[in-house]
Amino acid sequence: MSIRKTFVALILTSALSAPAIGQQAQQSAAPPGSPAATITIPGDQLPPPPQKFGGKIERDAKESTPYWPSRVVPPKGAPNVLLIITDDAGYGVSSTFGGVIPTPALDRIANDGLRYTNFHSTALCSPTRAALITGRNHHSAGYGVVAEQATGYPGYDSIITKDKATIGRIPTDNGYHTAWFGKNHNTPEYQASQAGPFDQWPTGMGFEYFYGFMGGDTNQWEPGNLVRNTTPIYPFQGKPGWNLVTAMADEAIDYVNRMNSLSPDTPFFVKFAPGATHAPHHPTPEWVKKISDMHLFDQGWNKLRDTIFENQKRLGVIPQNAKLTPWPKDLIKEWDQLSADEKKLFIRQAEVFAAFAAYADNEIGRVIQSIQDMGKLDDTLIIYVEGDNGTSAEGQPNGTPNEVAMFNQVNPSVEEQLKYFYDVWGTDRTYNHMSIGWAWAFDTPFSWTKQIASHFGGTRQGMAIAWPAVIKDKGGIRTQFHHVIDVVPTILEAAQIKQPDFVDGIKQSPIEGVSMMYTFDAKNANAPTTHTTQYFEMFADRAIYNDGWIASTKVLRPPWVTIAKNLPSSQDYPWELYDLRNDWTQAEDVAAKYPDKLKELQALFWKEAEKYQVLPLDSSVAARLVTPRPSLSAGRTSFAWTRPITGTPNGDAPSLLNASYTFKVDVDVPQGGAEGVIVTQGGRFGGYGLYVLKNKPVFTWNLVDLKRVRWEGPELTPGNHVIEFDFRYDGLGAATMVFGNYSGIGQGGTGTLKVDGNAVATEKMEHTLPFILQWDEAFDIGSDTGTPVDDNDYQTPFAFTGKINRITLDIDRPKLSPDDVKRLQEAARAAGDGPSADDGRTASVEPQVGTVGLSLVDKIQLRIDKREGCRKQAEAQGLGMVDRIKFVQQCVQK
């Protein structure tokens, strides 16, 4: 038989062959079994079972018929998907929802599609993103808080379990190309090293490609936590002016064009998640100038709030009868109360924040334009969520040039910030954040900010959806209540893909969100929402929405107070009630008017809390940063390294905080001397490093870029040397926090640098860092991968030019004696009736902006201490829950 006849016979045989059982749905024009054959799977089981061989096998290939497995493709008409989520941007940030910051890309999506004015997040980064990619509530997905605060409970362990396949995995197995660009805050902190495991990384969660940073935020100029798939990369080295926001847009544009060139008929799913506008606010100088020239913030945050509110009514993104919630005069000064220096600094902070928002939107616009340039925009479903929570108030009353400093409870004054940081605000010399007044204003018309789950300032996000081929009500507004868990079912319905019953043999838990696709049709513009009940919870602050009502706990800890001891029991939080049908902004508490409705909703909250792994409630914030959790270093006090290794993240690196420790380094110094980093952790904004500079050993502690303590020895001779750094800590350690006492952390100590057994430098540190080092940097041996701990000494990577034979680290953590425990227990009991006797602080009647907010903390602390004393009195009287709450409320007012 000729080759031509054989080929014809094969094609005819293939055309007559039936597809494998269970592999039904859309077929390509190519015959089954042919190299070009495709198939759409039912999707109930992922990956799909192997396709049955449909050819014929005889002893000789000449008498046999080949049969290729069909390539899996999505159903016909499945769109491309571009899922965009920005960071720390409240409802009033974007021009699309009434803000003054230009966001033309979001405007474009809203004008080509729909604005959603009643869409909600969880109030915090990791939790919202876990809900976004799983379609389950954040506690159901293990993210009751951010990954860095994980605790050992199912709702809080930062593990997305295998019964919750992500929106990366499901489309991938159904034939999509899938990629994730930007922020990944959904890998457990203790699994982010090169030792893995990698199943909780984006590629392990089903995305075929990942380019982004690991963790809550990063230095946009010099990201030390940037990876491609699972490999750390440092593309900024040697490239002044490089910025991650542009780099990830370039990467995404390259990806969609590459997929379109290689496989034009296969749709793509892209998650695009820039770090903007989470701190640090790092826009390019060009964008800072553009925004500064607009003078958007010269009249201050109160006037800004009024302007945004007027814009929102004009655009129709709030009802005409909506009320502007009052300014919190007892917590934040009004603009006219500020000094000239405060106004000057705060305007600069807002301009840089706004430049970051506008810059990120511009880069998002480039990605959208690239899809149009490919001719694929009509067939692309674009979901653009502006912010994963409300605008952040974690910058403290003064703002901060270094967010790492803020989390360690220190911050420069306004005067110091103007003198040392004003001219470099937003550059690579700052890790900057803005004053809380701006955060409140950018959440207009609501009250509160990021971290607050009980009020819409923390959870209401501007969101727009466009799909030109399907959504014809261009520029329409949708007011139905929806939540971030509704994104996954919306995408699946649009792609005609079902939620699988089994993935890798594991039974899948039900998706907890509902599809928003019914709102795409103009005839459903005013249809009732299909999402009728939703709980909210963060740090024990909580709410429950049901059919137009929301019950919310009162905010007892402002987001800028990260240490608040003696909060009342979670069951004793006072509640508020809002009728959202007539009060869109939560402006009027009607709890006293409708007590039965409040009781009904409170009971519903506890039911939902049990259902979705919300329990146990925990009000702690900063203390969770030092909570013991699994890691490569957990339970170890001795470590050794025999060769260079870089990129170990903080979650897996040994922690030196609040402890004594000794580094001992055996090195060979070549003829002519040596230079370079031996060991370092952290960088420019907080960390330490042992290095050789001009052949002299140096150990530097960088105390959040506000002070550096330095030990330096004499020049090293050629040959073998043992360099040792020994630090003796003076405090009792982190164990005191179990008793609500923070005196054991951040204390001082004495460090001694030795060479070959001889002390060459001894320095006393008055204070140490209590909570955290710079989190976007790594623990490195042999070179420095991020920023230097001292820019005056070296620039990265500054690899060591000698030979490292062995490095050992021994850590001696303080242990509480029985007397220590007794004293701490007594102090904790005494604190229940008011401020501790040794607290040493006094309260101020007026809120303070310009004194690092200490008197504000005092004011709040006094309230908390009084409430705790009242609660204990109620318990002593044996009152029931309802009577106990009433007693506490009356007692606090006395």
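Predicted model: local features only at pLDDT ≥ 70, side-chain atom pairs only at ≥ 80, totals over all residues.
Local features need pLDDT of at least 70 and side-chain atom pairs count only at pLDDT 80 or more, while totals for chains, interfaces and linings use all residues. Residues are numbered from 1 along each chain as its sequence is written, and side-chain values use heavy atoms, with hydrogens and water left out.

Helices (DSSP runs of H or I, at least four residues) and strands (E, at least two) are numbered from the N terminus. Helix H5 (residues 244–262) packs with helix H8 (residues 340–373) at an angle of about 10°, their axes being 9 Å apart; angles run from 0 to 180 degrees between N-to-C directions, and axes are lines fitted to C-alpha atoms, for helices over the stretch in contact. H5 is therefore roughly parallel to H8, a term for angles under 35 degrees.

Gly316, with a positive phi near 80°, follows H7.

Four strands, in the order S17-S18-S19-S20, form an open sheet with antiparallel pairing, where two strands pair if DSSP finds at least two bridges between them. The edge strands, each pairing on one side only, are tabulated here.

| Edge strand | Residues |
|---|---|
| S17 | 533–538 |
| S20 | 575–579 |

Helix H14 (residues 595–611) packs on the sheet, and its direction makes about 110° with that of S18.

Key. Parallel < 35°, antiparallel > 145°, perpendicular 65-115°, else oblique. Contact = heavy atoms within 4.5 Å.
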